[in-house]
Structures are given as C-alpha cells and as structure tokens.
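I opened this notebook to record what I looked up in the structure, entry by entry.

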Amino acid sequence: MKIIKNIFEKYKPLFEQGGKFEKLMPLFETFETLFFVPNRVTPSQGVQIRDAVDLKRLMMTVIIAMVPSLLFGIWNVGHQHSLATGETLSFMQQAWIGIVVVLPIIIVSYASGLTVEFIFGIKKGHSLNEGFLVSGMLIPMVVPPTIPLWQVALATVFAVLIGKEVFGGTGMNILNVALSARAFLYFAYPSQISGDVWTYLGDKTPIDGFTGGTSLAIANEASVNSGAVVDALANSNTVLGADFYSFSNLFLGFIPGSIGETSTLMILIGAAILIITGVGSWKIIVSVFGGAYLTGLLFNAIAANEYMMMPAEYHLVIGGLAFGAVFMATDPVTATQTEKGKWIYGILIGVLTVIIRVFNPAYPEGIMLAILLMNVFAPLIDFYIVKGNKERRIQRATV
Amino acid sequence: MSHTIKLKKGFDINLAGKAEKKLAECDQPETFAIKPTDFIGIQRPKVMVNEGDTVKAGTPLLFCKMQEDVKYCSPVSGEIVEIKRGAKRKLLEIKILADKEIVSEEFKKFATTDISKIVKQEAIELMLKSGVWPNIIQRPYGIVANPTDSPKAIFISTFDTHPLAVDQNFTLKGEENYFQTGIDILNKLTKGKVNLGLNENAEISYIFSHAKNVEPHKFNGKHPAGNVGVQIHHIDPISKGDLVWTVNPYGVTQIGKLFLEGKYDASKVIALTGSEVNNPQYYQTYTGACINKFIENNVTDNEVRFISGNVLTGEKIKSDGYIGFYHQQITVIPEGRQSEFLGWLLPTMEKLSFHKAFGLLSFLNGKNKEYRIDTNTKGEQRTFVQTGVFEQVTPMDILPTYLIKAIMAEDYDDMESLGIYEMIEEDIALCEFVDVSKHNLQKILREGLELIKNS
C-alpha cells in the first residue's frame, strides 16, 4: 500500500503542470484514483460531509451483477463446443476453451474502448469516466463467441465515438453504448452475427445433424413453415441430446447464443443484485418482463400464426430478452428518468420486443432494436411526465 | 390538534456527538461579530460605525443600501475593534469587544395586555430599528424580508431535523411568554395565518403545544421534515407571485422579548456538537459569539473542521471564528485529507450511505448507530448520472434533477414551472449529500435563484 503510494508520489511531478507529461494528467489521475480515493475535502460552504457512494462503486456493482452471467457464458462456450464436436471434455477443459475464446474478446473490447476514452479525456482534460467499465464488459457478452476480434474493436470504437463521445461523453449519450456496438455489427457485418455463428467449433468439424441456430431462429423458421414452435424446438438438434431446447434448458442456459445472454437463471441472479443494491431500477426490469409476457398472452389469444401460438413464457427465456431487460434497459443514462416513465418505458420495450420477434422475420432478435428505439423515445416519455408535474404547479397558481 | 402530514421520503444522518441537554459553565467569549455574509439579501452593506466606537446591544451597525430601513444591530455592548474587509473591500465582519456587563439600547416597552393594541406600522418600525427584523426571511429566495411587503402567510418550524440540531424544546425553556408575544406580533404582519410546524415524533413542549393564534400542523418523517420549506410545500405551497415569510422559533422569541422588555436581546443558547467534541453540550451566549472559549480543551487532537451550523448547510469557520446570525450550533468533525487505499471498493459498515451499492453496508447498522464522518468528498466530481436518488430524499412534489438541469441550462420558464420558488439551499442539501456525481447543488440552486430574482 505504502509502496504503491510512493510510486504515485514519485511520478506525479512529471504529470503536474509544467511536467514532461503534463497533458497525460487525466491518464495518471485515472490510475491514481483507482488505487486511492483522493484526499479532497468539501468546500467551506455547502454540505460539509458527503455520502460514501461514488460513481466507481456504482459501476462496480453493475459489473459484479454481470459476473454470474459472464462466468456461466464462458463455461457454456466450452460446453457447446464439446456438444457440437462430440468430444467428451471435463468441466475444467470446457471452462478453459471458454476462457481462451472469451478473454481475448473482453481484452479487445476494453483496450479499444478505453483508448478512445483516454484520447477524449486528454483532449478535454478530465479523467476517465467509469461508465465504460460497464459498457466494455457488456459488449463481449452480447456478441457470438465466433466473432472476429477486429470486428469487436471496430464496433467498440464506433459505439464509444459515435454513440457517446459526439454527444459529450458519459451521461450525455442517447443510445446505450453496448447496444450501439451490437447494432453496428448487426447491420455492418450480418454474416458474422447471424446464422450458424453461435457455437465455437474451432478447427473441429461438427457432428452429423448439428445445426448452429439459436432458439429464436428455430422459432422463426418454424413459423414460416407453419409448424408448432414448441415442436420445432423439441425436434431441433436432438443429436446434442433429447429435449435440447426444453423450457428448463432454455431457462438454465445450456443453449447456443451470445456469450452472456443464454442463462436466464444467471441473469436473474444479476437482477437480484441490482435490485437489492438499488442500482438497477426494479420497475424497468419487471415491466420489460411483464410487457413481453402480456404481449405473448395476447398473441396466444389471437393465434394467427405459429409463432403467435408459442406459449408466452417462452418469450422470456429465449434470445436476449432477459439480458437486455436487466443490463441494457436499466442503463440510467439512456432510460427514462422519471419513476412513472420507467413503467411506460419498460412495458413498451417488452411489447416491442415480442412484436419484432413475431412479425419481422428479418430481425429474429427483437430486444436490441426495442431498447434502442425506446432509448430514443425515453426523453419524450419523460417530457410528458415532467409536464404533468409542471401543470400541477401551474393549476395551483391560478386557483 | 390538526391532522398529521406523514412524509415517507428523506434520510436521517445520525452523527456522533449529540449535545447533552445541560447548560455548561463557561466564560463568555471576549469578542462577538456580525457578518453581512450571513444575510443572503445584502448586496451593498453600509457600515454605520467606526473602529473604536462604543456601542450598546441593539445599536445599529450596518444596513443594506437596497433596504435602508432594516438595521443590523450589535448583539452585545462594547467597543468596535475591527471592521474586517476582504478582496475588493468586501465587508466580512464587524468585531465587537464585549463589556463584562451587557448594556442595551432602550426601546419602547409594552405590557402583555397592551400587545393587542399595537398597530402594524408601529410594530414594524420598532422591529426594524431594534435589530430583530432580519429574523424574518422571505420565500421565495430565502432573503431578509422587505418590510413593505404583505406576506400571504407566515411559517414557523418548531423543530430542526438536521444532523445534531438543537432541541428547541430545551433552548427555549422558560421563554413561553416571549414566544407567544412574538406570535401575536407576527399575526399583525400578515393577512393570512401564522402556521406552526410541529414534530409528531417527539414530545412537544408546552411552549409550542399551547401557543395560541396559530395554525398548528403536525409532521412525521425523516429529515428534511423539519425544514420550513418542506412544511410550506405541504401546508400551502408557494406559487409564482406568492410571497410568504418564515421565522425560526428563536427569532419569534427575540421579537417577543423586544416588545415585552424593550430591548434587543441577542442572548442565545447554542449547542457544541460533533464527533470531535469531548463534551458536547449547550452553552448560554449571544448571537455572533467567537467560538474559541467553547472549544478550548474540549476538542480532540485530530485535524478538525469547525462548522458554524450543521454539516449540511453550515459554513466552515476558523477555530477563532464566529457563529453565524441564524445558527444555533457549532459542529466539529474530522477533516478528511487522507487518501484511502481502494476506498471506493472495500466493503464498509462504518461509512454512512443512503445508497446500498456494492459494499456499502451501513443500512445494516440500523438507525441508532452514530457515525463519525469526515469532510472527504469520497469520490470525484462526474457528469450527472441520473439515479433517481434525489427524488427519494425530497419529500415534495418536485423533481430536483430536472430543476437543477433547468438551472444549469438557465431556462427561466422551466426553473419557474419546476418549482424553484419553493426551494432554498437547505431544501436541496440532502440531495447534495447523496449525490453520486458530487455536484455542489446548493451553489447551483442559489445561482438559479439569483437569475430569477434579477430577471
């Protein structure tokens, strides 16, 4: 501790005004404050004491909430690999494959994003904003394990630059940064983020009868071919095991998909952490699930096509709905900011997700577009809620 | 008794160092001071005395050129020893070396039975020249009231929910008669009601429970339930164009004393509080007292900060500084100049937080745990990240985040329609405390109020 302190003290003059690396002070400060909370005290007027919370701790809470999903995702990459190639691998071997595949993606995501952040930090003279620590972890979790690393880098740079910095940095962005990265990949390089990309095969060939699609793709296909979705799920990939796409497997996450999104259970653990700590809005999480489920029920009642007849609860466990609801929709910067607005925002995300899934075969994953769309509408929802507050005040004045 | 207004939102900051309810024996400080900076409305103070002059308690020391009738008077008798000015000759303090025996200016005295016969204009004139007028604060803006205005109503909060605040039931013991007279006088100044905010969570002493000619309102809730601004919001909110006055209970008593005793009596019971005080207790002194006598041999050896007032709205002063005009407490807490290793990450139960984010476990302690909190900012300033937490500590139908944003954008219409008239610094102080991004919200709010006031 003392040693680290001394190192910082020794090199600090280099970065201070007049020092050799004066311009890199934001960089130095970022690292210093990572180790030591600064010795700043409150000014002589205003509050004399401050709450123990800061943005670093808040963001750390979100990262911790993502850890169960991430760890499961890493293992699942190896697990899916062994199923698809027919190799029998021990738990440790599966985990190892996952680490070898996922760790580079995480490193590339952080490295490319932080580079952009630092350049802007140095330019504007402020230390790094902690927001990217979350975004940098979210990006690897919403891409398939087979994604080329250069695409990760490109998408991250795009998202940070165009999604965030052009608007003024963390806190000013309109769209969720991690989803901007995914949307960029989806539209720029569709062949690497759709189709049979969800299972990491390496240099191995898959066993006969293996198909690499996600549950969403199967559901979509079934609907087009007028077959019951649940039957289609049950009859898919039976080479990997009977009932591979059973409800419990979908819920637990033993299925191919983006790295972090498959296990609804692990995501719910994360949700519990966010809700208990008060960092994520329970209203948004609940209303996204609720909106999707109710829309599913409504479609069951209409039952115009096979996809509409899929039991409503399946919507909650297939695809990225749970992940999006818990980790993306709750982003405090891009979500609605009023408490009532959060209900409207969440419900509409859920409704839109299911509508996009069921009626638009071009976009099997509805949650991404639903959240981005609602990010854009969030200020409008808030506008009307705030207007309500203003009007109460105005009415009072005229009485 | 009227119905109770229950406030669910808010947060009590339970600090170590509550004052024991007894009056300590202590010599009076040698010097007292009046600080124009305590009065937000004063823009161009004009000093009426020179160094070396002798004054009595109640002798006018200064006035504001914008409001010449309101005189700010000496709290004690003695000699003017220093008129301290700062940068650009800004008037900072007028210091008075106090006599051993306090002599007061003599004003017209009334018998209790004659109080009802006093007419409004006579009352106002007496209050203006004797020095008690600055006790009356105008909302919006939280400035010293303009005597020519006629307020819609007058509000008095009888309890203070700020950290370590004084117990008015104790400080005003035996002053029942003065308090009642003060209320009777205030009733002459408004066509509306004089409203009294009472604390349902504590025993209400005779002085408040038996006050007559007032409209009592009971409040039940955490801090800021005792803030008069919050109470106004729930009793009769301030809309655009409204004007109300507020007075604290000490001020009411002082007004009563002026009429019954014929003098400006600035004697005041203050509390010395905070975790770094060895024997936190109450002291009998006068407004504007130098704090050196009270803290002598009574403060720990750590590097400490002396605060005139409480930790949310008070002001840092030196160890030989003076208590502010409106303050009734001194708080002494540790300075936090340490840089803590991984302080943002390690779990802690010792650091108080309204939040429950990872590792902030103070909510497990229950509400009786007393905290020793230093002045460290505990994090760096960041851009606004909306967490909805301001709304959770503001028991009013106001959206502080949007209001603050409107002020930053200098959007006058939004500031008005989002309720800036209903707030002053103390009403947003708790938001500033819990703010994740560590902004100085009280300062921002004042800038907004200035914009509106001068528009």
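**Entry 1: a helix of chain A**

I listed the buried residues of H12(A) and found Lys283(A), Ile284(A), Ile285(A), Ser287(A), Val288(A), Phe289(A), Gly291(A), Ala292(A), Thr295(A), Gly296(A) and Phe299(A). I call a residue buried if 20 or more other C-beta atoms lie within 10 Å of its own, exposed if 12 or fewer, and partly exposed in between, with C-beta atoms placed from the backbone. Helices (H or I, at least four residues) and strands (E, at least two) are DSSP runs, numbered from the N terminus.

The model is predicted: local features need pLDDT of at least 70, side-chain atom pairs count only at pLDDT 80 or more, and totals for chains, interfaces and linings use all residues. Residues are numbered from 1 along each chain as its sequence is written, while chains are lettered from A and ligands numbered from 1 in the order in which they are written.

I then looked up what the buried residues of H12(A) pack against: helix H11 (264-277), helix H13 (306-309), helix H14 (312-317), helix H15 (321-328) and helix H16 (339-359) of chain A. Contact here requires C-beta atoms, placed from the backbone, to lie within 7 Å.

I checked the length of H12(A), residues 282-302: at 1.5 Å a residue its 21 residues should span 30 Å, and the end C-alpha atoms are 30 Å apart, which agrees. The expected span is 1.5 Å times one less than the number of residues. After H12(A) comes Ala303(A), with a positive phi near 50 degrees.

**Entry 2: chain A as a whole**

I counted 17 helices and one strand in chain A. Of its 399 residues, 52% count as buried. A compact globule of 399 residues would have a radius of gyration near 21 Å, and the 23 Å of chain A agrees with this. That radius is taken over C-alpha atoms, and the globule rule is 2.2 Å times the number of residues to the power 0.38. The C-alpha trace of chain A spans about 70 × 70 × 35 Å along its principal axes. Among contacts in chain A between residues at least 6 apart in sequence, 71% join residues at least 24 apart.

**Entry 3: a sheet in chain B**

I traced an open sheet of six strands with mixed pairing, in the order E2-E17-E16-E20-E18-E19 (chain B). Its edge strands, E2 and E19 of chain B, each pair on one side only. Strands pair if DSSP finds at least two bridges between them.

E2(B), residues 20-23, runs parallel to E17(B), residues 281-286, with two bridges; Glu20(B) stands opposite Gln281(B). E16(B), residues 267-273, pairs with E17(B) in the antiparallel sense over five bridges, and Val269(B) has Gln284(B) as its bridge partner. E18(B) and E20(B), residues 329-334, are also antiparallel, over five bridges, with Val304(B) opposite Pro334(B).

**Entry 4: where the chains meet**

I found 65 residues of chain B in contact with 50 residues of chain A. The largest share of the chain B side, four residues, comes from H11(B). By class, this side has 24 nonpolar, 24 polar and 17 charged residues. Ala, Val, Leu, Ile, Met, Phe, Trp, Tyr, Cys and Pro count as nonpolar, Asp, Glu, Lys and Arg as charged, and the others, Gly among them, as polar.

Finally, I noted that strand E1 of chain A, residues 36-37, pairs with E21(B) in the antiparallel sense over two bridges. Phe36(A) has Phe341(B) as its bridge partner there.

Terms used. Contact = placed C-beta atoms within 7 Å.
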